[in-house]
Amino acid sequence: MNQILLAVVGTIFLAIFAIAFGLILSGIDRRIVARMQARVGPPLLQPFTDVQKLLAKQSIIPANAIPCLFNTMPIVALASAITILLYLPFGSFAPVLGEFGDVILILYLLTIPSLALIIGGFASGSPYATIGAQREMVSMIAYELPLTIAVIAIVWRLMIAGIHEPFSILTLMQNPVWSVVGPLGIIALFILLVMMAWVLPGELSKIPFDSPEAETELAGGILVEYSGRNLGLFMLSQAVKMVAISTFGIILLLPWNLSQFFGISGIIAWITDTIIFALKVLFVMTVSVTIIRTTMARFRITQIVGLYWLVLGGLGAIAMILMMVDAFFCEMI
Amino acid sequence: MKLTTSFNRSLWVFHFNSGSCNGCDIEIVASLTPRYDPERFGVKLVGSPRHADVLLVTGPVTNQMVDRLQRIYAQMPEPKIVMVVGTCAQSGGVFSTSYNLAGPVDQIISVDVYVPGCAPRPEAIIQGVVTAIAKFERLHGSAKQ
Ligand code: SF4
């Protein structure tokens, strides 16, 4: 009973935190982009204003949409994005549902907000949204491959190193892969880092991977028919997903907490870890979303698949082989 | 209709060309450049009328465009503002005696803000957006009473 109460309170707290943090992140993102284009840019809290305005506007349901799907999908997207966070640790806060989930579950959960978006796009009965939904499906299939390769390579290396329960998130947090592998493994991990940096914008449909939303050709793509409250909910789910996917990347490849190094504990450790965690998320987001999105133009959908499957998939194969050689040497000696 | 003050700081504009010579459209693009940077005030161009708060129409309405203009207007969620840019959109301008015109914009849909000029300067267009914000504020004031 107590545990259920704790989970409920934790979920509510986490939802509020994630929405606020995600919106501030996208505000920072917009501001950095503006600065890189020699503009002043919107105020930091602009995304809050946008969402607040959208919630006050009328929500139109198009005549040839399927109302029940059209209206529930934004809620499903937001709820599933928050669900991912229940399994992820923030700084030194243990995940709310830590005992239950593992990395594979998160890989599956990460697809659900995109699936909700796709179903919503098909349900809005507009040709633009349909094309957008098809493109989103294709790009989902494309970025899954490098993401899965990265996860499998890391977890496999931990398993070979004799670590118990390598799939659990807490194990990944407590045993950074960097301290397990040898020199070849370090090279492999750098390759995986590059791969993850390219998976992130694809997962979030940001430029150059925003062909599902393509404003210039598809007039907003998947979201073309969404207005008012529904559009606001999709924006929120996008913000939460940004927090979730960067946290996941951090857990896989940058899992250090400062408190372990300096041996601090108690409240101070919590505070430092949370700040460091926020800085890490900010760093990951700036490098792999903001900078990539300012410096590049949109890829065609065929180029997206080619990049993810051939280039990043090839890099992933190289990283896997390096990992295997590394494991072979390390365990031999 | 409940209005929040966030309308003043987050105005999304949908640009519709109902038969303009493209001069006005170039000026609109010019007013989005870093020199003027309307995103400072939360103003941005969106790709779908469903997302928009302001419908920005340029050019006189040709016979072909009447139906489209009405449909785009109907597709926008409430509350909405219509803003016309350019002399053509107000009166027909140099095209006023053309054989294929259905008339200026305000004979097809109701218009809130006029920006005259052929083509208006970016400053004038931004002034028009500010006027649109003021109109939202007025609506907000009347909603409070
Ligand atoms: S007002 Fe001038 S610039 Fe604008 S559409 Fe008419 S002729 Fe072209």
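A polar contact here is a pair of N or O atoms within 3.5 Å; within protein, one must be able to donate a hydrogen and the other to accept it. Keep that in mind for the interface. One caution: this is a predicted model.

So, chain B against chain A. By that rule, 15 residue pairs are in polar contact across the interface, both residues at pLDDT 80 or more. Which elements of chain B give two or more residues to the side that touches chain A? Helix 1, residues 6-9, and strand 2, residues 44-45. Helix 1 of chain B gives the most, with three residues. By type, that side of chain B divides into nine nonpolar, eight polar and nine charged residues.

Now the charges. Six salt bridges are counted between chain B and chain A. One of them joins Arg50(B) to Glu225(A). Their closest N and O atoms are 2.6 Å apart.

Next, the extent. On the chain B side, 26 residues are in contact, and they meet 28 residues of chain A. The size of an interface is often given as the accessible area lost when the parts come together. Here the two chains bury about 2,300 Å² between them. Carbon and sulfur atoms account for 51% of that. Which residues of chain B lose the most area to chain A? Glu39(B), Arg50(B) and His51(B), together 28% of what that side buries. Note Arg50(B) again: this is the residue in the salt bridge with Glu225(A).

On to the sheet in chain B. Five strands form an open sheet, in the order 2-1-3-5-7, and the pairing is parallel. Strand 2 and strand 7 of chain B are the edges, each pairing on one side only.

Let's walk across. Strand 2 of chain B pairs with strand 1, residues 12-17, over two bridges, in the parallel sense. There, Val13(B) has Leu45(B) as its bridge partner. Further along, strand 3, residues 54-58 of chain B, runs parallel to strand 5, with five bridges joining them. Val57(B) stands opposite Val84(B). Then strand 5 of chain B pairs with strand 7, residues 113-115, parallel again, over three bridges. Val84(B) stands opposite Tyr114(B) on that side.

Last point: strand 5 of chain B, residues 81-85. Is this strand buried or exposed? Mostly covered: five of its five residues are buried. Both faces are covered. Ile81(B), Met83(B) and Val85(B) are on one side, with Val82(B) and Val84(B) on the other.

Conventions. Residues are numbered from 1 along each chain as its sequence is written. Chains are lettered from A and ligands numbered from 1 in the order in which they are written. This is a predicted model: local features need pLDDT of at least 70, side-chain atom pairs count only at pLDDT 80 or more; totals for chains, interfaces and linings use all residues. Side-chain values use heavy atoms; hydrogens and water are left out. Contact means heavy atoms within 4.5 Å. Buried area is the accessible area (1.4 Å probe) that two parts lose on being put together, summed over both. A salt bridge is a side-chain nitrogen of Lys or Arg within 4 Å of a carboxyl oxygen of Asp or Glu. A polar contact is a pair of N or O atoms within 3.5 Å; within protein, one must be able to donate a hydrogen and the other to accept it, and residues adjacent in sequence count only if both atoms are side-chain atoms. Helices (H or I, at least four residues) and strands (E, at least two) are DSSP runs, numbered from the N terminus. Ala, Val, Leu, Ile, Met, Phe, Trp, Tyr, Cys and Pro count as nonpolar, Asp, Glu, Lys and Arg as charged, and the others, Gly among them, as polar. Buried means under 20% relative accessible area, exposed over 50%, partly exposed in between (1.4 Å probe, protein chains only). Two strands pair if DSSP finds at least two bridges between them.
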